[in-house]
Amino acid sequence: MSIADNIRSLKNETETIHVTLVAVSKTKSNDDILEAYNAGQRLFGENMVQELVEKYESLPKDISWHLVGHLQSNKVKYIAPFISLIHSVDSLKLLQEINKQAEKNNRVIDCLLQVYIADEETKFGLGFDEIIELLRSDEFTSLKYISIRGLMGIATNTDNEKQIKEEFYELRTFFDGIKQSYFRKQSSFDTLSMGMSSDYKIAIEQGSNMVRLGSTIFGQRVIKHWKNN
Ligand SMILES: *Cc1c(COP(=O)(O)O)cnc(C)c1O
């Protein structure tokens, strides 16, 4: 199947159940991205700031760009003017920097807090208790130029479907609890980003409403930016 075919069938599969499809285009060429774009895809995700900025500059301006990979504070300024959603916020310090750069650009930046759910040592993200601590802090409450839209998580890279299912279940349960306790009056807290090519069906079963798919759309990546591929 071509990239365009993949987009069409995945859009079909996800739109009817109100799951948002993010096409993760890291390492892929502008031509590949344009093929997906011409098939109707407007949401693309990248994990490297420099690559993201280059693609933003050379591709159609009605693309919404998501950052799905780890973000260093000193790079926030490059994406602050245009980024649609940052999936990978994993510290208060980073959130404060995003807030600062958003204010400079006179906008509010949508963010997801990345939750650590995997049984692996290398995954970025905050623990459940750290998220609660962050949300309760005065420093957090004073940030006016960020909007926390929800949570993101990456499951363990394993064939054990039961384990993946449990990790997504925990994240979904945590999401519901956080929404009740801290965002009851904010309908904008509505996004649960979980699921990649290998596990998105399980993620959707467990309540994901945003999936981040790379290889399912574009084929395998040659350069290994992401250690689990
Ligand atoms: C690369 C990446 C994806 C997409 O991975 P695939 O397995 O190719 O679907 C999703 N989320 C994050 C955070 C990534 O870095």
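Reader: At what angle do α6 and α8 pack?
Author: Helix α6 (residues 128-136) and helix α8 (residues 161-182) pack at about 20 degrees, and their axes are 12 Å apart. Helices here are DSSP runs of H or I with at least four residues, numbered from the N terminus. Axes are lines fitted to C-alpha atoms over the stretch in contact, and angles run from 0 to 180 degrees between N-to-C directions. The model is predicted: local features need pLDDT of at least 70, side-chain atom pairs count only at pLDDT 80 or more, and totals for chains, interfaces and linings use all residues. Residues are numbered from 1 along each chain as its sequence is written, and side-chain values use heavy atoms, leaving out hydrogens and water.

Reader: Are α6 and α8 roughly parallel or oblique to each other?
Author: They are therefore roughly parallel, a word for angles under 35 degrees, while over 145 is roughly antiparallel, 65 to 115 roughly perpendicular and the rest oblique.

Reader: And how do α1 and α2 pack?
Author: Helix α1 (residues 3-15) and helix α2 (residues 30-38) pack at about 40 degrees, with axes 8 Å apart. The two are therefore oblique to each other.

Reader: What about S215?
Author: There a backbone N or O atom lies 2.8 Å from an oxygen atom of the ligand. A polar contact is a pair of N or O atoms within 3.5 Å.

Notes:
Polar contact = N/O pair within 3.5 Å; in protein donor to acceptor, adjacent residues only side chain to side chain.
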